[in-house]
Amino acid sequence: MGRVGLCACALAMVCASGPGVAAEYDVTRLFAKGEWSVDLTYNTVEDITWCAADTENRAGQWFSIVAYDEGGAAVFLGDPQWRLSPRDIRLRLDIDYSRWDIDAEAAEESVVFFLSGAEAAPDFLVELMRGSAIAAFNDDGDQLAEFSLTGSHAAMTELIECWQRIDRRDPYAESSDPF
């Protein structure tokens, strides 16, 4: 499944409601501490599994890190008041005093970007684990949201453990030579 498909699956889970949702998604809460929770979700229709570490602020905005069974990971930032047209955007995230300038995709109530890069993805997760707050800004420098990172260390640890349990990637898929 491509980036757009993964984005659509996770966005559907975040935004969906109604009687058919319970039958399509099997959700198990694995962890809750401080401002954070971690859920394991299985999409019974698409046969896709993901783990998500989520937090929500007082304004009802959400911040989620989603790890998929095929190995990819995405970060979602959403607000029920947003009505975003589909487009590419620039987003700035400040984790305490560390700045991350990010290319993201906007649609409806949320923006998404994919964790990639051998150094950047682990560094981002480590900063989330160690930080006390994360703030999101648009390209003009306007603050859009702020979230507490209380409990994020334990949540990221649980997310990584969940991700390792659901990982369906074949370590030899690209090469039969493991050396």
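The questions below concern a disulfide and the nonpolar cores of this predicted model.

Q: Why is the link between Cys51 and Cys162 called a disulfide?
A: The S to S distance for Cys51 and Cys162 is 1.9 Å. A disulfide requires cysteine sulfur atoms within 2.5 Å, so the pair qualifies. By this rule the count comes to one disulfide.

Q: What is the handedness of the link of Cys51 and Cys162?
A: The link is left-handed, with -75° about the S-S bond.

Q: What makes this pair tie together parts that are apart in sequence?
A: Cys51 belongs to strand 3 (residues 48-56) and Cys162 to helix 4 (residues 152-166), so the parts they join are 111 residues apart in sequence.

Q: How do you know whether Cys51 and Cys162 are buried or exposed?
A: Buried means under 20% relative accessible area. Cys51 has 0%, and Cys162 also has 0%, so both count as buried.

Q: Which residues have the most contacts inside the largest nonpolar core?
A: They are Phe63, Ile65, Leu93, Phe124, Leu128 and Met156, in a core of 40 residues. Helix 4 supplies the largest share of this core, six residues. A second, separate core has ten residues, among them Ile48, Trp50, Val66 and Ala74.

Q: Which residues is Ile65 in contact with, leaving aside neighbours within four places in sequence?
A: Contact means heavy atoms within 4.5 Å. The partners of Ile65 include Trp36, Cys51, Leu115, Leu128, Met156 and Leu159.

Definitions and conventions: Residues numbered from 1 in each chain as written. Predicted model: local features only at pLDDT ≥ 70, side-chain atom pairs only at ≥ 80, totals over all residues. Heavy atoms only, no water. Helix = DSSP H or I, 4+ residues; strand = E, 2+ residues; numbered from the N terminus. Buried < 20%, exposed > 50% of the residue type's maximum accessible area, 1.4 Å probe, protein only. Core = buried A, V, L, I, M, F, W, Y, C linked by side-chain atoms within 4.5 Å.
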